[in-house]
Amino acid sequence: PTVWVLEGILMYLTDEQNDQILDELSAVSAPGSELLFVSFAPGMIAEEQTKELAGMATAAGIGFKSHVADPVAWVGARGWVIADQTTIKEFG
């Protein structure tokens with residue numbers, strides 16, 4: 001089994017690129033592998049912490065290109081199960 005960490009990258013890629021990454025990781029992962037990822041949900045853009053971060057990313061010329069509307073469904077379609085999730089507000 002492998003532990004995959006996709007921290008701080010998904011929001012800078014398109015939805016299609018994120019799907020491709022998850023498809024490829026799923027294809028090469030042994031049973032029992034784990035996936036840790038950070039993504040933005042549509043509502044997170046309304047949170048002050050995320051608005052500030054989005055503004056800095058845009059000012060740097062990179063901006064956010066995607067969000068994961070339903071993380072459970074997104075990973076579940078490829079056989080992964082969400083064990084824990086939290087918002088940036090809860091984490092902060």
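Leaving aside neighbours within four places in sequence, Ser33 is in contact with Pro1, Thr2 and Trp80, where contact means heavy atoms within 4.5 Å. The structure is a predicted model, in which local features need pLDDT of at least 70 and side-chain atom pairs count only at pLDDT 80 or more, while totals for chains, interfaces and linings use all residues. Residues are numbered from 1 along each chain as its sequence is written, and side-chain values use heavy atoms, with hydrogens and water left out.

Ser33 is found in the loop between helix H1 (15-28) and strand E2 (34-37); helices (H or I, at least four residues) and strands (E, at least two) are DSSP runs numbered from the N terminus. Ser33 counts as buried because its relative accessibility is 13%. The classes are buried (under 20% relative accessible area), exposed (over 50%) and partly exposed (in between), with a 1.4 Å probe and protein chains only. Two polar contacts involve the side chain of Ser33. Such a contact is a pair of N or O atoms within 3.5 Å; within protein, one must be able to donate a hydrogen and the other to accept it, and residues adjacent in sequence count only if both atoms are side-chain atoms. The side chain of Ser33 reaches the backbone nitrogen of Thr2 at 2.9 Å. A polar atom of this side chain also lies 2.8 Å from the backbone oxygen of Ala30.

The protein contains four helices and two strands. From the N terminus on, these elements run β-α-β-α-α-α. The C-alpha trace spans about 40 × 25 × 20 Å along its principal axes. Of the 92 residues, 28% count as buried. Among contacts with a separation of 6 or more, 79% are accounted for by residues 24 or more positions apart. The protein exposes about 6,100 Å², of which carbon and sulfur atoms supply 58%; accessible areas come from the Shrake-Rupley method with a 1.4 Å probe, and for residues only the protein chains shown count as cover.

A search of the whole structure finds two aromatic pairs. Tyr12 and Phe64 form a tilted pair, with 5.4 Å centre to centre and 50° between the planes. Rings of Phe, Tyr and Trp (its six-membered ring) pair if their centres lie within 6.5 Å; planes under 30 degrees apart count as stacked, over 60 as edge-to-face and the rest as tilted. The pair links distant parts of the chain, 52 residues apart: Tyr12 is in the loop between strand E1 (3-6) and H1, and Phe64 in the loop between helix H2 (48-59) and helix H3 (71-76). Tyr12 counts as partly exposed at 26% relative accessibility, and Phe64 is partly exposed with a relative accessible area of 21%. Phe37 and Trp74 form an edge-to-face pair, with 5.5 Å centre to centre and 70° between the planes. This pair too joins distant parts of the chain, Phe37 in strand E2 and Trp74 in helix H3, 37 residues apart. Phe37 is buried, with a relative accessible area of 17%, and Trp74 is buried at 12%.

Helix H2 has 12 residues and reaches 17 Å from its first C-alpha to its last, close to the 16 Å expected at 1.5 Å a residue; the expected span is 1.5 Å times one less than the number of residues. Thr50, Ala54 and Ala57 are the buried residues of H2. Seen down the axis of H2, these residues fall within an arc of 65°, so they line one face of the helix; the arc is that of the directions from the helix axis to the C-beta atoms. Glu48, Glu52, Met56 and Ala59 are exposed on the other side of H2. Within the buried set, Ala54 has a relative accessibility of 18%. Ala54 and Leu6 are 48 residues apart in sequence, and their C-alpha atoms are 18 Å apart in space.

Just after H2, Gly61 takes a positive phi of about 85°. Lys65 lies in the loop between H2 and H3 and counts as exposed at 52% relative accessibility. Not counting residues up to four places away in sequence, Lys65 touches Met11, Tyr12, Leu13 and Thr14. Tyr12 is therefore a contact of Lys65 as well as the aromatic partner of Phe64. The C-alpha atoms of Lys65 and Ser39, 26 residues apart along the chain, are separated by 11 Å.
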